[in-house]
Amino acid sequence: MSRVLVGVKRVIDYAVKIRVKPDKSGVVTDGVKHSMNPFDEIAVEEAVRMKEKKLASEVIAVSCGPSQAQETLRTALAMGADRAIHVEVAGAEYDTLQPIHVAKILAKLSQDEKADLVIVGKQAIDDDSNQTAQMTAALLDWPQGTFASKIEKTDGALTITREIDGGLEVIKTKIPAVLSADLRLNEPRYATLPNIMKAKKKPLKKVSAKDLGVDLAPRIKVVSVEDPPVRQAGSIIPDVDTLVAKLKEGGHV
Amino acid sequence: MNPLAQIVRATRPIYRKLSTTATTASAAKPIPTTGFCFELTDEQKALQELARKFTKDEIIPVAGQYDKTGEYPWPVVKKAWEVGLMNGHIPEHCGGLGLGVFEACILSEELAYGCSGIMAAVYITEVGQTPIIIAGNKEQQKKYLGRLIDEPLVAAYGVTEPGAGSDVAGIKTRAEKKGDEWILNGQKMWITNGGVANWYFVLARTNPDPKCPASKAFTGFIVEREWPGVTPGRKEQNMGQRASDTRGITFEDVRIPKENVLIGEGAGFKIAMGAFDKTRPPVAAGATGLAQRALHEATKYSLERKTFGVPIARHQAVAFMLADMAIGVETARIAWQRAAWMVDHGQKNTVMASVAKCHASEIANKAATDAVQVFGGNGFNTEYPVEKLMRDAKIYQIYEGTSQIQRLIISREILTAATQTN
């Protein structure tokens, strides 16, 4: 297995309090702190560990977005990726960028770069789509191991432990394959200071979606974005009987 | 002439006059032609992000515990070393990153936000290294700085004595030449990292003649902890920054090979003083970090605590305290940034470094005290984070040159400049 392609997305930092725009078209992103999607950090970490274990020879980080996406790519390079590809998508096109487009881009790049493995985070914390890995696998007609919490390579095949609702599922796939990283796959490393300095010198290539032959017309239209309803106050109930009565009243039992 | 130009004209001689010696061994950065810029470079931002993350994940969770036990935070220091947050300005030929003072300041501010005691434990090694960086020859640098890169070891700066702190020229530790060696005898005190350092920069008197001027009477040495005769004392119990290890050290007939002399006999005083140009800005940045923490904690609390029916932040008496803290933080930050920028660009920054350090230490103490005030009774209690800030802040007005010494430096230059211009 030689080349690993890792998809990383620049999202609003997980610690930021999200505010909805007054026109309900989306959330406020201007001047708000952004960072790499936490599940993508886990994906990069896994790819870098594979390289350290000599299971992979090269890690390529890819991000689709405006020029600021390069910051996210630099973080990936600082964590140990060898080179980066920035697919430039800006302005209105970026606002309507959806997993289907990203999947097509990753599929095309995987073929161009002759990748053996594509790893992405299981979902982005802004749209929670959980689609990119699956769509990419389908477009490439490669097997997929999603919600991976453990990845082992054994003689040209991958043994993947997946976190599913009922517990853990272990599957085996051939290579090439598409994987998506779940929370417990690993703990991402700090990008050390020397690596941050070195990251500047690593190659970062810029391409456009058009170069890759991908049409960015949206397939889904966002109708409105609203705050979740304000939490209603609860009421204190004197005893269990009243509780049961209230639950019956509310149709919950 | 416009008044601003007049002020610039009048103050410029203060800085220009001090360009008597250039002791920096590292190349100064060229001054950009684009004028002032208050934006960090992408690299500096990445560095700041890393330090901030490290502080949040590694320092803040354990700061309270180290403050209680006074134990040296080896796990945190080792992790900082692994991540590359220490030893940033070791020259590249020794395996370091050759970063500037500005970068050291960014790191210091972020780490001190978490805990200034742990920050001192992580940073003081760089104070010990600075004389070797500015005055060491290539062999000394490779040997003593190189080993800090290879292993998580730390250094210390040994100048202060029980009987002499501000009056550096009054130190009594002496070194006598005996053949190819120097024999060191004396006592140092309040040496941060004293008990954990692998080697010390030691300043000793080598010319016993009391009439010999300070600029010729002292020599700088690199002294290894393991040598016979070097005895660190007990760890001192201090008011604040308790995670930091401060001790007295006794030197009894310690034999120093002549290879461990920095520059040559008699050059020590200037080296010891010259180091401050590079180490005072990061200490100022640390004080700024502490003040920033005080401001954040006080702000958070004031939005939660209610009195007279509203969060106390709505009372101007409290809001104004927060505003004053912010004024202090912002001005202290600009001051260390300027002092650091100057030395990185080859300009003599002694006065600016003193301004930054003095100012930052004072606003840090005020901010910490006011934070306790905002917390009220809770602020006095150890379950809340601000009493520690107040205890930690005090030392900033004392070490690395007391506020009084800083004022001496600044006023001397004002007066010298005034007597030189018409």
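Which residues of chain A does UniProt list for "domain: Electron transfer flavoprotein alpha/beta-subunit N-terminal"? The unreviewed entry gives residues 24-216 of chain A, with positions in the numbering used here, a shortened feature name, and the caveat that annotations may be inferred rather than shown by experiment. Before we walk on, a word on the ground rules: this is a predicted model, where local features need pLDDT of at least 70, side-chain atom pairs count only at pLDDT 80 or more, and totals for chains, interfaces and linings use all residues. Residues are numbered from 1 along each chain as its sequence is written, chains are lettered from A and ligands numbered from 1 in the order in which they are written, and side-chain values use heavy atoms, leaving out hydrogens and water.

Let's begin with that span in chain A. Residues 24-216 are 32% helix and 31% strand, and their end C-alpha atoms lie 23 Å apart. Helices (H or I, at least four residues) and strands (E, at least two) are DSSP runs, numbered from the N terminus. Within strand β7 (residues 144-154) you will find A:Ile151. With a relative accessible area of 11%, A:Ile151 is buried; here buried means under 20%, exposed over 50%, and partly exposed in between, using a 1.4 Å probe and protein chains only. Setting aside residues up to four places away in sequence, A:Ile151 touches A:Glu46, A:Met50, A:Leu158, A:Thr159, A:Leu179 and A:Leu185, a contact being heavy atoms within 4.5 Å. By comparison, A:Lys21 sits 130 residues along the chain from A:Ile151, and their C-alpha atoms are separated by 40 Å.

If you like backbone torsions, chain A has some to inspect. A:Lys54, in the loop between α1 (38-52) and β4 (58-65), has a phi near 65°, a positive value in a residue other than glycine. A:Lys114 likewise has a positive phi, about 55°, although it is not a glycine; its place is the loop between α4 (99-112) and β6 (117-121). A:Lys54 is exposed at 74% relative accessibility, and A:Lys114 is exposed at 59%. Then there is a cis peptide bond from A:Ile175 to A:Pro176, with omega near 10°. A:Pro176 lies in the loop between β9 (167-174) and β10 (177-181).

Now over to chain B, which has 12 helices and nine strands. Its radius of gyration is 22 Å, close to the 22 Å that the globule rule gives for 422 residues, so chain B is as compact as a globular protein of that length. The radius is taken over C-alpha atoms, and the rule is 2.2 Å times the number of residues to the power 0.38. The C-alpha trace spans about 80 × 60 × 40 Å along its principal axes, and 55% of the 422 residues count as buried. Of the contacts with a separation of 6 or more in chain B, 76% join residues 24 or more positions apart.

Residues 266-414 of chain B carry the UniProt annotation "domain: Acyl-CoA dehydrogenase/oxidase C-terminal", again from an unreviewed entry. This span is 75% helix and 3% strand, with 29 Å between its end C-alpha atoms.

B:Ala112 is buried, at 2% relative accessibility. Beyond its neighbours within four places in sequence, B:Ala112 is in contact with B:Met119, B:Gly286, B:Gly289, B:Leu290 and B:Tyr396.
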